[in-house]
Amino acid sequence: MIRVSFARVLLALGIAAAANGQPVISAAANSASYAAGTVVPGSIATFFGTGLATQDGTVGAPRFPLPTSLDNVSVQMFSPPDYEAVDAPILAIAQANGAGQINVQVPWEALAGVMPRYVDQPYFVITVNGVQSGDFYPALASAQPGIFMYGANYGAVLHANYQLADVNH
C-alpha cells in the first residue's frame, strides 16, 4: 500500500498544471504586512504562485483608477450568493523564473467572515493569456491591519495633502 500526503498530491498537481502553462495560485497574503492566508475586502492583497505573468519582470499599473487587466493578466473573484465574476483592480505583476506574484485590491463584494469551507465561500481565478488558474479559496476577514513601510524605519503614512508624515512634517 502506498501512502501519499494530501499536500504532496496538491503540489504535484500544481507543478503539472504550471508545466502545462496553466497559472497556479499557491498562497495569498496581506500586501503591507505579508500576513499569510487571509484577505480583506477593499484591502491590497498579494497572490503568489507560478505562471502568473506573461513574462519575467515587473509590470505596474500605469494609472488610477487601477486597471482590471494588466499585461494580458486578470484576476476575478466569484462570491456568493450568485457567484458572478467581479474583476479585481491590479496594482502590479511580478515574475522571475516562473515564480510570481500579483498585487490586487480585493473587491468590496467579498463576504468577510465567511466560514472557511468551499461551500458558500468566495474564490479567486487568475487568467494569463486566456488560460485560467484553478479556483483559489483564501480565508476572508473583516480586518487585518498592515502598514506599508518607507525605508527601513518609517511607515508610509501621508497627510491629507499627500505629503509624507515624517519627523519634519
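**Starting at Thr38**

Apart from its neighbours within four places in sequence, Thr38 is in contact with Ala28, Ala29, Asn30, Ala139, Leu140, Ala141 and Gln144 (contact means heavy atoms within 4.5 Å). Keep in mind that this is a predicted model, where local features need pLDDT of at least 70, side-chain atom pairs count only at pLDDT 80 or more, and totals for chains, interfaces and linings use all residues. Residues are numbered from 1 along each chain as its sequence is written, and side-chain values use heavy atoms, with hydrogens and water left out.

Thr38 sits in strand β2 (residues 38–39); strands (E, at least two residues) and helices (H or I, at least four) are DSSP runs, numbered from the N terminus. With a relative accessible area of 18%, Thr38 is buried (buried is under 20% relative accessible area, exposed over 50%, partly exposed in between, with a 1.4 Å probe and protein chains only).

Now for the rings. Searching the whole structure turns up 6 aromatic pairs: rings of Phe, Tyr and Trp (its six-membered ring) pair if their centres lie within 6.5 Å, and planes under 30 degrees apart count as stacked, over 60 as edge-to-face and the rest as tilted. Phe47 and Phe124 make a tilted pair, 5.0 Å centre to centre with 50° between the planes. Phe47 belongs to strand β3 (residues 44–50) and Phe124 to strand β10 (residues 123–128), so this pair ties together parts 77 residues apart in sequence. Phe47 is buried at 0% relative accessibility, and Phe124 is buried at 1%.
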